[in-house]
Amino acid sequence: MTKNLKLKAARAAKDMTQQNLADAVGVVRQTINAIELGEYNPSIRLCSAICKTLGKTLNDLFWEEDK
């Protein structure tokens with residue numbers, strides 16, 4: 001998996017820490033960190049909660065562009 005820099009950028013744009021986002025979606029901070037590092041593939045339910053919290057779509061944050 002590749003790093004999710006789009007998630008990190010969207011979180012930073014909302015001035016949220018990993019802990020803030022984790023609290024908002026009901027996971028531990030380490031889960032958000034692992035998603036951003038590309039070490040964890042979140043469920044669609046968690047992806048949806050993250051998108052709703054950050055005001056983004058699934059395509060905005062989790063769609064991988066063709067290289």
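Hi everyone. A helix here means a DSSP run of at least four residues, H or I, and helices are numbered from the N terminus. With that in hand, let me walk you through this structure, which is a predicted model.

Let's begin with the whole chain. What does its secondary structure come to? Five helices and zero strands. If you read along the sequence, the pattern is α-α-α-α-α. The radius of gyration is 11 Å, close to the 11 Å from the globule rule for 67 residues, so the chain is as compact as a globular protein of that length. The C-alpha trace spans about 35 × 20 × 20 Å along its principal axes.

How much of the chain counts as buried? Of the 67 residues, 33% do. The chain exposes about 4,600 Å², and carbon and sulfur atoms supply 50% of that area. As for contacts between residues at least 6 apart in sequence, 53% of them join residues at least 24 apart. On the charge side, there are 10 positive and 8 negative side chains, and the centres of these two sets lie 3 Å apart.

Now please look at helix 3, residues 29–37. Which of its residues are buried? They are T31, I32, A34, I35 and E36. These buried residues pack against helix 1, helix 2, helix 4 (44–54) and helix 5 (58–62). After helix 3 comes G38, with a positive phi near 80 degrees.

Is R11 buried or exposed? R11 has a relative accessible area of 10%, and the cut-off for buried is under 20%, so R11 counts as buried. Its side chain makes a polar contact with the side chain of E36, at 2.6 Å. Setting aside neighbours within four places in sequence, R11 is in contact with M16, T17, Q18, L21, E36 and L54.

My last stop is D15. Where is D15 found? In the loop between helix 1 (5–13) and helix 2 (18–25). D15 has a relative accessible area of 69%, and exposed means over 50%, so D15 counts as exposed. Its backbone is worth a look too: D15 is not a glycine, yet its phi is positive, about 55 degrees. For background, most residues other than glycine have a negative phi.

Terms used: Residues numbered from 1 in each chain as written. Predicted model: local features only at pLDDT ≥ 70, side-chain atom pairs only at ≥ 80, totals over all residues. Heavy atoms only, no water. Helix = DSSP H or I, 4+ residues; strand = E, 2+ residues; numbered from the N terminus. Buried < 20%, exposed > 50% of the residue type's maximum accessible area, 1.4 Å probe, protein only. Polar contact = N/O pair within 3.5 Å; in protein donor to acceptor, adjacent residues only side chain to side chain. Contact = heavy atoms within 4.5 Å. Rg over C-alpha atoms; globule rule 2.2 N^0.38 Å. Areas by Shrake-Rupley, 256 points an atom, 1.4 Å probe, with all protein chains shown as cover. Lys, Arg positive; Asp, Glu negative; His and termini not counted. Charge placed at Lys NZ, Arg CZ, Asp CG, Glu CD.
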